[in-house]
Amino acid sequence: MLSAPAFCGAKLTIHLDRVCANWRKLADMTAPKARCAAVVKADAYGTGAAITAKALYDAGARTFFTAIPSEGITVREVCPDAEIYILGGLFHGRAGTYELHGLRPVLNSLEEIEEWRLFNLGRETALPAAIHIDTGMNRLGLTLDEAEELGTKRFEDVKPFLSLLMTHLSCADEPTHPLNALQLERFKKMRGFFPGVPASMANSAGVFLGEEYHMDIARPGIAVYGGNPIPERENPMQAVASIHAEVVQVRWVEEGHGIGYSASLTATKRSRIAVISAGYADGLHRLAGSSDEKDGAHFFVGGHFVPLAGRVSMDLIALDVTHVPEDLVRRGTLVEVLGDNVLVDDLAKHAHTISYELLTGLGRRYHRVYSDGSNQPEAMA
Ligand SMILES: *Cc1c(COP(=O)(O)O)cnc(C)c1O
C-alpha cells in the first residue's frame, strides 16, 4: 500500500525513544538479579517488529519472545546473535525451521518435548529450548503432574537442551488476585525438579508484582509499548504510539438533526462537526462511537478534548468541535486520535477492549513515522 504522507489521511508515529525508555525502566526494576527480555509478538504489538526489536537490541535487550516462527525470523534478521523464543511452541514437523533460523521453541507439551528430543539426538551441542509449565492459566504447557514426573524421572533426557523453564501468570494485572501467589508457589515447587535451569514467570504486570516474580528472566510486552500494566493504578509507562488524523471537512448541523450512520446521535443544539480521515478500518473500533443513549470516546484538537459524534465509519469519524475556536479546527487540521492526551488504555476502554487489542489492530493505512525523540513531526507532509 502507498504510504507516503501525500497519499494518507492519518499518521501513526512510533516513538522508539520511549519504547526503549520503557524497556530500560523495566530492566532497572528487574536488575540486578533478573534479566529483562522483550516480547515482540504480533509485530511488536503493532509497532513494527523489525525496527522495534532492533531498537530494543541497541538499548540492551538480548532475549526476545514472539508467538510464531515468521515473527522470530523477522527478529533474527535484525538481531543476529539474540536469543529468540517462540511462545506458540514447536509447530508440528517444523523443527528444521527453528534450527535454520536459530529459534528456540517454548515446548508446551510432552509431545513437543519428544519431537525436540528426537531432533536433537546425536548432536554434539543441543539446540536450546524452553519448557512451559501450566501453573493455573489452563492454556498451554505441561500439567503439574507431567512436569513433576519429567523432572524427577527423565530430567537427563531434557537437560542437554533445556535453557529455560517458564510459566505464565493468568491474573497479574489484578495484584491482589489469589491466583498470583498460588501460581508462584506452584512454579517454585516445579523449579525444584529442574535444578540449575533458569526460570521465567513475569509478564509486564508480573514485573510490578515484586521481586519474587522476576526469577531469572522477565518477559514484559505491553508495558514496553506504553500500555498500563496494572489498569487500576496510574500508568508508569510512556505512550509509544500516537495517531494524528486529518480533518477533511467541517460543517454545521442544525439542532434535532441526526449525525452519521443510522442517525444514532441527534444534535441537541446547533453543532459544529469536524470529519476526520480515519475509521474502524484503521483499528478505531466502532464501539468507541456515541449515540443518544451513550457517550463515546474523546479525541484532542487545538488544546481541547472533543467527543466522537455518532458512529465510527470505516474511513471517517465525526467529532463535535462546537466548543473549539473556529480557527483551530479547519480542513487540513490534524486531530490527535491517540497519544499523550488520548491515552491508549482510555480509548481501548471506550471500545470495550484493552490496549493490547487496540495496538495490535491499528491497520496498515497510516503514514507511519518512527521518531527517535529528536523530531516531533506534526505535519503530514
Ligand atoms: C504475551 C505474553 C507475554 C507478555 O505479556 P504482557 O502482558 O504483554 O506483558 C509474556 N508471556 C507470554 C507467555 C505471553 O503470551
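**Backbone, ligand and a few side chains**

Let me start with Asn138, which counts as exposed, at 68% relative accessibility. Bear in mind that this is a predicted model.

Where does Asn138 lie? Look at the loop between strand S7 (129–132) and helix H7 (144–153). Asn138 is not a glycine, yet its phi is positive, about 55°.

Some background here. Most residues other than glycine have a negative phi, and most peptide bonds are trans.

Next, Met215. Its phi is also a positive value, near 50°, and Met215 is a residue other than glycine. Met215 sits in a loop too, between helix H10 (204–207) and strand S10 (217–218). Buried or exposed? Met215 is buried, because its relative accessible area is 11% and the cut-off for buried is under 20%. Asn138, by contrast, is exposed.

Now a peptide bond. Going from Ala31 to Pro32, the bond is cis, with omega near 0°. Pro32 is in the loop between helix H1 (16–30) and strand S2 (35–36).

On to the ligand. How many residues surround the ligand? There are 14, and the closest are Lys41, Tyr45, Ser204, Gly221 and Tyr356. By class, that shell has 7 nonpolar, 4 polar and 3 charged residues.

Tyr356 places a polar side-chain atom 2.6 Å from a ligand oxygen atom. Gly221 uses its backbone: an N or O atom there is 2.8 Å from an oxygen atom of the ligand. Arg219 has a side-chain N or O atom 3.0 Å from a nitrogen atom of the ligand. And the cover? On its own, the ligand has 390 Å² of accessible area, and the protein covers 92% of that.

Cysteines next. A disulfide is a covalent bond between the sulfur atoms of two cysteines. How many disulfides does the structure hold? The count is 0. Take Cys36, which is in no disulfide. Its nearest cysteine sulfur belongs to Cys20 and is 12 Å away. The cut-off for a disulfide is 2.5 Å between sulfurs. Cys36 is buried, at 11% relative accessibility. Cys171 is buried as well, with a relative accessible area of 10%.

Now find Thr52, in helix H3 (residues 49–59). How much relative accessible area does Thr52 have? The value is 0%, so Thr52 is buried. The side chain of Thr52 makes a polar contact of 2.8 Å with the side chain of Thr47. Setting aside residues up to four places away in sequence, Thr52 touches Leu16, Val19, Ala44, Thr47 and Tyr225.

Last stop, Ser313. Follow strand S16 (304–312) to its end; Ser313 is in the loop that leads on to strand S17 (317–320). Ser313 counts as buried, because its relative accessibility is 17% and the limit is under 20%. Which residues does Ser313 contact, leaving aside neighbours within four places in sequence? They are Tyr261, Gly279 and Tyr280. One distance to go with that: from Ser313 to Tyr366 the C-alpha separation is 16 Å, and the two are 53 residues apart along the chain.

To recap the loops. Asn138 and Met215 have positive phi values. The bond from Ala31 to Pro32 is cis. Ser313 is a buried loop residue. Happy to take questions.

Conventions: Residues are numbered from 1 along each chain as its sequence is written. This is a predicted model: local features need pLDDT of at least 70, side-chain atom pairs count only at pLDDT 80 or more; totals for chains, interfaces and linings use all residues. Side-chain values use heavy atoms; hydrogens and water are left out. A residue is near a molecule or strand if one of its heavy atoms lies within 4 Å of it. A polar contact is a pair of N or O atoms within 3.5 Å; within protein, one must be able to donate a hydrogen and the other to accept it, and residues adjacent in sequence count only if both atoms are side-chain atoms. Accessible areas come from the Shrake-Rupley method with a 1.4 Å probe; for residues, only the protein chains shown count as cover. Ala, Val, Leu, Ile, Met, Phe, Trp, Tyr, Cys and Pro count as nonpolar, Asp, Glu, Lys and Arg as charged, and the others, Gly among them, as polar. Buried means under 20% relative accessible area, exposed over 50%, partly exposed in between (1.4 Å probe, protein chains only). Helices (H or I, at least four residues) and strands (E, at least two) are DSSP runs, numbered from the N terminus. Contact means heavy atoms within 4.5 Å.
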